[in-house]
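Colleague: Could we go through the contacts in this model and the terms behind them?

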Amino acid sequence: MALQANSFADTMLRERVVAQIEAARQGADLEPGANSSEEMENVLYCNAKTRDDYMQLIASLVLHLNEKKRAAHRARSSAPQEVGGQTNEGSSSDGASAS
């Protein structure tokens with residue numbers, strides 16, 4: 001008996017996957033107009049031929065989103081910080097004053 005196309009994922013699995021994608025998207029610096037988590041999952045579901053293929057595509061997407069999140073975090077933490085309206089970028093004060 002042949003399986004129907006894309007019959008490898010039940011509704012509960014797909015809902016859990018959408019939740020995983022949504023969690024990975026939080027904090028990731030995505031461009032405006034990026035697909036929703038549901039749309040992303042549906043594209044992967046439609047492109048997968050087997051359950052293993054589907055899970056591999058999901059894992060790749062989540063890893064990609066997590067990398068974007070880490071890159072956004074690094075960019076925010078390495079940006080110069082303003083203190084009192086002045087940029088505090090690489091200036092060091094050792095307590096010595098020039099006379």
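**Contacts around E41**

Modeller: Leaving aside its neighbours within four places in sequence, E41 is in contact with R14, V17, V18, I21 and Y54, where contact means heavy atoms within 4.5 Å. This is a predicted model, in which local features need pLDDT of at least 70, side-chain atom pairs count only at pLDDT 80 or more, and totals for chains, interfaces and linings use all residues. Residues are numbered from 1 along each chain as its sequence is written, and side-chain values use heavy atoms, with hydrogens and water left out.

Colleague: Does E41 count as buried or exposed, and why?

Modeller: Buried means under 20% relative accessible area, exposed over 50% and partly exposed in between, with a 1.4 Å probe and protein chains only. The relative accessibility of E41 is 3%, so this residue counts as buried.

Colleague: Which side chain does a polar contact of 2.6 Å join to that of E41?

Modeller: A polar contact is a pair of N or O atoms within 3.5 Å; within protein, one must be able to donate a hydrogen and the other to accept it, and residues adjacent in sequence count only if both atoms are side-chain atoms. The side chain of E41 has a polar contact of 2.7 Å with that of R14. At 2.6 Å, the side chain joined to E41 is that of Y54.

Colleague: How far is the charged end of R14 from the centre of the Y45 ring?

Modeller: A charge sits over a ring if NZ of Lys or CZ of Arg is within 6 Å of the ring centre and within 35 degrees of the ring normal. The charged end of R14 sits over the ring of Y45, and its distance from the centre is 3.6 Å.
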